[in-house]
Amino acid sequence: MKTKNINSSKSQAAEELINNVAQMPKMLEKHNIQLPKPTQPKQQLKRARNANYYETGMALNITHGIQAVEYLLTYGPDYNPSNPELAIASLQTLNTTGQDLLDNSRLKMQENKQEIQARQDVYGDLKPLATRILNELEASGAPQATIDKARHYVRKIRGTRIIKIDPNSTTNHISASQTSFTEQIQHFTDLINVLTPCTEYQPNLPELQLTALQAKRSAMQDSNKTVSKTQAVWSTSRIERNKFFNQPVTGYVDTFLSVKQAVKAIFGANSPQYSQLGSLKFKRIRK
């Protein structure tokens, strides 16, 4: 009997607790009490590492290298390292070479960007041009089979899926957008090949005539090749630049780190000279 009373008491207490919790929102609202919202941990946003970011970092290396040499010049004959690679004349040559490599890499990057923009200009009107070609072909009285073939390649140029997807299908589908620059050349070539034997296709507008379309295709090919060439030149210039800065022991960064150690050895760790150079940072380039 005693056990029954204890269980009954526990059950009643649990029921009262549930009721109190249920009434809590109304109590808070009645007395205008605001509960503090749980704080979410702030996410650390990673800084984007683009080409300009690394170019700026390398330029800072050169800036610090020039400043280091200026400090060394003020020390006069007291700065006399045993390693000839750490002599002021050698360091000045390093600064000049580093600046030249950095400037050359930036130049090649800009040339590549210009060619990419030029290619964009060449390709920019391809989709509306393909539509105009199809309209001209349909108005010319060409056979339906020829029009259907042309429409097929026009859709490819537009990046339109040829076979519609069943909305009720659960199958994963591969993207049908074959719109890379190389693929666009191929689609446009296929379209020209459909038009060439079609005697009905005789447009009066010069830009729709076969000779103009063939010239357009050649310009697309040339532009694509030029972008690939400038990309390769820029990439190689970066390899040469990175090797110069990152080379162990004899590279730019390691050499100036050794200069700091030489100043520390000559003047002492607590010397004002080492304090001057100690504040200069030299960082390797991330590949």
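Colleague: Which residues form one aromatic cluster here?

Modeller: Phe-244, Phe-245, Tyr-252, Phe-256 and Phe-282 do. This is a predicted model, where local features need pLDDT of at least 70, side-chain atom pairs count only at pLDDT 80 or more, and totals for chains, interfaces and linings use all residues. Residues are numbered from 1 along each chain as its sequence is written, and side-chain values use heavy atoms, leaving out hydrogens and water.

Colleague: How is the pair of Phe-244 and Tyr-252 described?

Modeller: In general, a pair of aromatic rings is described by the distance of the centres and the angle of the planes. Rings of Phe, Tyr and Trp (its six-membered ring) pair if their centres lie within 6.5 Å; planes under 30 degrees apart count as stacked, over 60 as edge-to-face and the rest as tilted. For Phe-244 and Tyr-252 the centres are 5.9 Å apart and the planes at 40 degrees, so this pair is tilted. Tyr-252 and Phe-256 also form a tilted pair, at 4.8 Å centre to centre and 45 degrees between the planes.

Colleague: Is Phe-256 buried or exposed?

Modeller: Phe-256 is buried, with a relative accessible area of 1%. Buried means under 20% relative accessible area, exposed over 50%, and partly exposed in between (1.4 Å probe, protein chains only). Tyr-252, at 0%, is buried as well.

Colleague: And the helices: at what angle do α3 and α6 pack?

Modeller: Two packed helices are described by the angle between their axes and the distance between the axes. Helix α3 (residues 88–123) and helix α6 (residues 181–195) pack at about 30 degrees, with axes 12 Å apart.

Notes
Axes are lines fitted to C-alpha atoms, for helices over the stretch in contact, and angles run from 0 to 180 degrees between N-to-C directions. Helices (H or I, at least four residues) and strands (E, at least two) are DSSP runs, numbered from the N terminus.
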